[in-house]
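Please view the sequence and the structure below, then continue with the text.

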Amino acid sequence: MTEPYRVRLQLRWGDSDQLGHINNVMYLEYAQEARLRFLGEIGGTAAHSIGPIVVRRIEVDFERSLHYTAEGVDVDVWVLKVGTSSFTLRHRIRDPQGNLYSTVDAVAVAVDLETETSRPIPDDVRAMLTERILDA
């Protein structure tokens with residue numbers, strides 16, 4: 001993979017805080033929306049074979065304040081690292097002109113819902129994730 005997965009998301013007027021900035025919590029929602037679309041598109045049936053995952057850790061860097069715009073934002077998503085039961089995704093939130101507003105790194109863990117413990121990522125999914133690793 002040479003390019004990140006990109007999705008354009010529409011902002012909502014209600015995403016703004018009292019100062020007219022997009023509320024910082026919304027950056028996590030934009031990253032989540034892009035992450036779900038990315039995972040849904042990377043492998044068709046294999047995406048379903050990953051099974052349940054949970055986000056274990058999120059790290060957010062806020063670069064600048066985002067204001068509401070009808071243009072929306074672009075969220076790029078790619079894989080940073082793949083482990084035995086977890087993988088790390090990077091999300092970059094930019095305006096359509098390419099200005100960076102936030103970088104969000106999320107560690108997702110494959111889980112067994114019955115035992116509430118981590119489990120290995122299936123080999124086919126690990127291969128698809130590994131193909132999408134880009135340097136930070």
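## Report on the chain

Not counting residues up to four places away in sequence, Thr-88 touches Trp-78, Val-79, Leu-80, Lys-81, Ala-106 and Val-107, where contact means heavy atoms within 4.5 Å. Thr-88 belongs to strand β4 and, at 13% relative accessibility, counts as buried. Buried stands for under 20% relative accessible area, exposed for over 50%, and partly exposed for values in between, with a 1.4 Å probe and protein chains only.

The model is predicted: local features need pLDDT of at least 70 and side-chain atom pairs count only at pLDDT 80 or more, while totals for chains, interfaces and linings use all residues. Residues are numbered from 1 along each chain as its sequence is written, and side-chain values use heavy atoms, with hydrogens and water left out.

### The chain as a whole

The chain has 3 helices and 6 strands. Helices (H or I, at least four residues) and strands (E, at least two) are DSSP runs, numbered from the N terminus. Read from the N terminus on, the order of the elements is β-α-α-β-β-β-β-β-α. The radius of gyration of the chain is 16 Å, close to the 14 Å that the globule rule gives for 136 residues, so the chain is as compact as a globular protein of that length. This radius is taken over C-alpha atoms, and the globule rule is 2.2 Å times the number of residues to the power 0.38.

Along the principal axes, the C-alpha atoms fill a box of roughly 45 × 35 × 25 Å. Of the 136 residues, 40% count as buried. Among contacts with a separation of 6 or more, 69% are accounted for by residues 24 or more positions apart. The chain exposes about 7700 Å², of which carbon and sulfur atoms supply 48%; accessible areas come from the Shrake-Rupley method with a 1.4 Å probe, and for residues only the protein chains shown count as cover.

Helix α1 covers residues 24–41, and its 18 residues should span 26 Å at 1.5 Å a residue; the end C-alpha atoms are 27 Å apart, which agrees. The expected span is 1.5 Å times one less than the number of residues in the helix. At the N-terminal end, Asn-23 caps α1, with a side-chain oxygen 2.9 Å from the backbone nitrogen of Val-25. Met-26, Tyr-27, Tyr-30, Ala-31, Ala-34, Arg-35, Phe-38 and Leu-39 are buried in this helix. Leu-36 also lies in α1, but is exposed, with a relative accessible area of 54%. Leu-36 and Thr-115 are 79 residues apart in sequence and 24 Å apart in space, C-alpha to C-alpha.

In helix α3 (residues 123–131), the buried residues are Val-125, Met-128 and Leu-129. They cover an arc of only 100° around the axis, which puts them on the same side of α3; the arc is that of the directions from the helix axis to the C-beta atoms. Asp-123 and Glu-131, on the other side of α3, are exposed. An α-helix has 3.6 residues a turn, so residues three or four places apart point the same way.

### Residues in the loops

| Residue | Relative accessible area | Class |
|---|---|---|
| Ser-85 | 18% | buried |
| His-21 | 21% | partly exposed |
| Asn-99 | 30% | partly exposed |
| Glu-116 | 72% | exposed |

Ser-85 is placed in the loop between β3 (73–82) and β4 (86–94). Leaving aside neighbours within four places in sequence, Ser-85 is in contact with Ala-108, Val-109, Ala-110, Ser-118, Arg-119, Pro-120 and Ile-121.

His-21 occupies the loop between β1 (5–9) and α1. Residues up to four places away in sequence not being counted, His-21 touches Asp-15, Ser-16, Ser-65, Leu-66 and His-67. His-21 and Ala-108 are 87 residues apart in sequence and 28 Å apart in space, C-alpha to C-alpha.

Asn-99 lies in the loop between β4 and β5 (100–112). With residues up to four places away in sequence not counted, Asn-99 touches Arg-64, Ile-93 and Arg-94. Asn-99 and Leu-66 are 33 residues apart in sequence and 9.9 Å apart in space, C-alpha to C-alpha.

Glu-116 is found in the loop between β5 and β6 (117–118). Most residues other than glycine have a negative phi. Glu-116, although not a glycine, has a positive phi of about 55°.

Notes
A polar contact is a pair of N or O atoms within 3.5 Å; within protein, one must be able to donate a hydrogen and the other to accept it, and residues adjacent in sequence count only if both atoms are side-chain atoms.
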